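Have the sequence and the 3D view open as you read.

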Amino acid sequence: MSSPALARLPVAQAVAVEAGHLMRRRFLDRDRIAYEFKGPQDYLTAVDGEVERLVRGRLAEAFPEDGFIGEEDGGSAAAWTWVVDPIDGTANFARGIGHFCISIALLGPQGIEVGVICQPVAGELMYAGRGTGAFLNGEPMRVSQTSAMVRASVELGWSPRRPAAAYLDLVGRVMATGAAFRRAGSGALGIADVAAGRSDGYAELHINAWDCLAGILLVREAGGWTNDFLAGNGLAAGNPIIACAPGIQAAFLAAVGPGGLAQEGRLH
Ligand code: LIP
């Protein structure tokens with residue numbers, strides 16, 4: 001882990017915890033959460049912007065030379081760039097379901113260098129630096145040992161960014177393997193569950209960088225496999241995502257991304 005990243009990980013952890021406290025306070029104050037739609041099934045609350053502004057300010061104060069790209073207010077890249085989703089699982093947050101998190105990732109010259117995810121309702125802080133291993137509340141994270149799809153439980157993320165027919169086709173292919181699947185509404189947490197060994201895989205036809213970069217590092221540091229999400233224009237335009245335990249990698253890839261397509265960041 002490079003020294004610039006080493007200096008940034010503890011700050012990212014502290015900012016994620018502070019943001020988590022704010023998210024939890026707002027979430028518990030149910031009467032005050034109004035929401036609107038940025039697009040079909042794409043929720044937005046005032047808290048998304050409030051949290052992003054807090055995180056952007058704290059990181060700019062600590063590392064003024066860094067770039068920042070946030071889901072709500074965008075931004076620009078630099079040699080070291082923070083990529084942040086202030087509330088991943090906004091639909092859940094807006095509707096009173098506690099399955100949401102903040103996702104903070106740091107991109108450096110060699111790729112993803114730091115990943116931090118805080119799930120405030122569950123009281124979980126997950127984090128990794130490149131090469132340090134992945135940790136959940138200080139305990140090492142390891143992917144599962146599952147080695148057969150008939151014993152696998154995976155998550156298939158969904159958003160209207162891809163046609164419903166393509167999602168239903170994906171679900172059908174995965175169910176045909178005998179795996180169980182769910183869709184819980186937060187890509188970041190779905191990927192982090194793979195790193196924690198609570199899920200055996202996560203796939204989605206399209207996801208944005210701010211949703212997944214932190215989780216990708218957690219999975220890789222916990223012994224799992226992911227496709228090359230940043231291939232092509234992944235940072236700016238998003239890409240498909242596949243993350244899984246090594247024991248099901250071949251079978252899961254065969255189900256969700258025939259041939260080597262998934263390796264280059266494409267499913268279909
Ligand atoms: C979420 C994404 C994920 C998708 C969810 C949701 P948001 O992002 O992480 O790709 O499956 O439905 O869109 O909008 O909650 O930050």
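Sorted by class, the shell around the ligand holds eight charged, four polar and four nonpolar residues. In this sorting, Asp, Glu, Lys and Arg are charged, while Ala, Val, Leu, Ile, Met, Phe, Trp, Tyr, Cys and Pro are nonpolar, and the others, Gly among them, are polar. Keep in mind that this is a predicted model, where local features need pLDDT of at least 70 and side-chain atom pairs count only at pLDDT 80 or more, while totals for chains, interfaces and linings use all residues. Residues are numbered from 1 along each chain as its sequence is written, and side-chain values use heavy atoms, with hydrogens and water left out.

So who is in that shell? There are 16 residues around the ligand, and D85, D88, G89, R183 and E204 are the closest; to be counted, a residue needs a heavy atom within 4 Å of the ligand. Strands β5 (81–88) and β13 each give at least two residues to this shell. Strands here are DSSP runs (E, at least two residues), as are helices (H or I, at least four), numbered from the N terminus.

Now zoom in on the ligand's oxygen atoms. One sits 2.8 Å from a side-chain N or O atom of E204. Overall, the protein covers 92% of the 380 Å² of accessible area that the ligand has on its own (Shrake-Rupley method, 1.4 Å probe).

Which space does the ligand take? The largest pocket, with a volume of about 520 Å³. Its lining has 31 residues, with Q41, D42, S159, R161 and R183 nearest the centre. By class, that lining has 10 nonpolar, 11 polar and 10 charged residues. On a 1 Å grid over the protein atoms alone, a pocket is an open set of points with protein on both sides within 12 Å along at least five of seven lines, a cavity is a set where a 1.4 Å probe fits but cannot get out, and lining residues have an atom within 4 Å of a point.

As for cavities, the whole structure has one of 30 Å³ or more.

Notes. Points joined across faces, edges and corners; volume = space filled by probe spheres on them. Polar contact = N/O pair within 3.5 Å; in protein donor to acceptor, adjacent residues only side chain to side chain. Sits in = over half its atoms within 2 Å of the grid points.
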